[in-house]
Amino acid sequence: MGERVSDPANQGTVVGPTKQIESSNQSKADSNYCRKKMNGLSTNRKCHWRAEQTYQKTWRKKHLAQPVEGRTIRNSVLVGDDQSVLLSVSAMNDGEGAYETELVVRIPEHTHFQSSQGVSRLVCVQRKENQTVVVTCDLGNPMKQKQKVQTGLLFSVSHLEEVESHITFSLRVRSKNSVNSSSNQVIVKVQVKAEATLEIRGGSVPPEVLLPDLDWQPGVNPQRLEEVGPLVEHVYEIKNQGPSSVNARLTVDFPSTWQHHFLLYVISTPSEESLSCHTLNTSEVVPLELLGNFTTVSQSIQQEETNSFRQTVHVNCSSRETRCVRFECDVMDLGRGFNAVIKVSARLSMDTLMQTPYLNYDIVSSASCDVTSATSKVQPLLLSSGHTQTQFSVVWRPPHGEKPVPIGYIILSVISGLLLLCLLCFIFWK
């Protein structure tokens, strides 16, 4: 008397309520009771409800969802760096066979699938579904009961400048079964960070100035820059080692006066296409027509310096006796591997130096760089910075090109002479 119900999802035949009840002693009793009522052409609602309930329980047992788990091997990626993200995926079928089962991964923008790794290497394809980029991987047809698949999915990620805080991967398993055909959805988030390392270095052109300078002709009131003295340039370079692009600020302190007499005349403000520079203390930049008023060394200073003949004076911006010109330059959008160069040009005040021909100078400028921000939406937790110094020397040569003999050479000559004398005495004694 029982019916046969067709299951389109399983493409087979499921036995109807009458034969399904025969699976246990209780269901046999219910079946006999129902047959008696049916043979007597009578209906019983209690018998029909009990059979329908048993049928529904048997149907649900055959279609259980497939649980899926996912996590990343690394928990963050860096802006500006082409990196890889490895998703560790585990999927298991807790029910009966699931037909045309596949893993579906919805990926972020600018992310590309590379390969499946591990023991279970799956066949995966990246494609678009409803304007969304997904990666689908075949898990089996059917995916058998209690079957577990573990694999690693490798993705390349780039162009993270517009990401707010993290990128998201969405994973689930789906099949062609009509009931519970999709698993739980797993969301995997990967944090996006910004980092950059700045390097700074400097140099002087030339590194040393020898005096007296035979090419320079003294003048009372210089009218041209060449009449002030030889050209000295301090060049500073900052380089972004990356990986993220940043905005940076470069600060340069350049000496101009020492003990109120002029040493260097700054003739240009550093500039470049990628730089925006300005001078903080413009009062230290003296116009050319007023330069003569600052080059006269007082008699007291001359007398003090004469008492210490051939002394070397260290001139740097950390000393209270030195006044400096400060430049600040903003560097915008400095990408990985790119650099920015600033050049401070000055003329050495020969008029001042000629009044103290007994003093050598070590003149030091300093520069520091700081990251002010990143060009991406994600900002670095630590802002990189750096500091360096550049030195050039002013050295007076002895008259007529004479140079003082180092004391080491004198000692070596005395010892060599004594050894030669001993050798000659030994030869003549023989």
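Modeller: Begin with strand pairing. This is a predicted model, and in it S15 and strand S22 (residues 339-348) run antiparallel, joined by nine bridges. Within that pair, Lys239 stands opposite Asn339 in S22.

Biologist: Which other strand pairs with strand S15 (residues 231-243), and in which sense?

Modeller: Strand S13 (residues 196-205) does, in the antiparallel sense and over nine bridges. Here Ala196 is the residue opposite Pro243 in S15. As a general idea, side chains in a regular strand alternate between the two faces of the sheet. For the protein overall, the secondary structure comes to six helices and 24 strands.

Biologist: How much confidence does the predictor give the protein on average?

Modeller: The average pLDDT is 76, and 72% of the residues score at least 70. Residues 33-65 fall below 50, and that stretch has 30 contacts in the model beyond near neighbours in sequence. Residues 288-308 are also below 50, with 39 contacts counted in that way.

Biologist: What do the contacts and the surface look like over the protein?

Modeller: Take contacts between residues at least 6 apart in sequence: 80% of them join residues at least 24 apart. Of the 430 residues, 40% are buried. The accessible surface comes to about 25,400 Å², and carbon and sulfur atoms account for 52% of that area.

Biologist: Is Thr111 buried or exposed?

Modeller: Thr111 counts as buried because its relative accessible area is 4%, where buried means under 20%. Thr111 lies in strand S7 (residues 111-117). Leaving aside neighbours within four places in sequence, Thr111 is in contact with Gln126, Phe155, Ser156, Val157 and Phe169. Take Phe155 as a case of sequence distance against spatial distance: Thr111 and Phe155 are 44 residues apart in sequence, and their C-alpha atoms are 6.5 Å apart.

Biologist: How should I read salt bridges, and how many does the structure hold?

Modeller: Side chains of opposite charge can pair when their charged atoms come close. The structure holds ten salt bridges. In one of them, the side chains of Arg336 and Asp81 meet at 3.1 Å, N to O. That pair links distant parts of the chain, 255 residues apart: Arg336 is in the loop between strand S21 (322-334) and S22, and Asp81 is in the loop between strand S4 (76-78) and strand S5 (83-92). Arg336 is partly exposed at 43% relative accessibility, and Asp81 is partly exposed at 23%.

Biologist: Which parts does the salt bridge between Lys377 and Glu162 tie together?

Modeller: The closest N and O atoms of Lys377 and Glu162 are 3.6 Å apart. Lys377 sits in the loop between strand S23 (359-374) and strand S24 (385-396), and Glu162 in the loop between strand S10 (148-157) and strand S11 (166-174), so the pair ties together parts that are 215 residues apart in sequence. Lys377 is partly exposed at 45%, whereas Glu162 is exposed at 58%.

Biologist: Which residues are linked in a network of salt bridges?

Modeller: Glu102, Arg127, Glu129 and Arg174 are.

Biologist: Which residues form a nonpolar patch on the surface?

Modeller: The patch consists of Leu420, Leu423, Leu424, Phe426, Ile427, Phe428 and Trp429, with about 840 Å² of accessible area together. One of them, Leu424, lies in helix H6 (residues 407-429) and is partly exposed, with a relative accessible area of 39%.

Note on methods
Residues are numbered from 1 along each chain as its sequence is written. Side-chain values use heavy atoms; hydrogens and water are left out. Patches are made of residues with over 30% relative accessible area and no salt bridge: like charges are joined within 9 Å, nonpolar side chains (Val, Leu, Ile, Met, Phe, Trp, Tyr) within 5 Å. Accessible areas come from the Shrake-Rupley method with a 1.4 Å probe; for residues, only the protein chains shown count as cover. A salt bridge is a side-chain nitrogen of Lys or Arg within 4 Å of a carboxyl oxygen of Asp or Glu. Helices (H or I, at least four residues) and strands (E, at least two) are DSSP runs, numbered from the N terminus. Buried means under 20% relative accessible area, exposed over 50%, partly exposed in between (1.4 Å probe, protein chains only). pLDDT is the predictor's confidence in each residue, from 0 to 100. Contact means heavy atoms within 4.5 Å. Two strands pair if DSSP finds at least two bridges between them.
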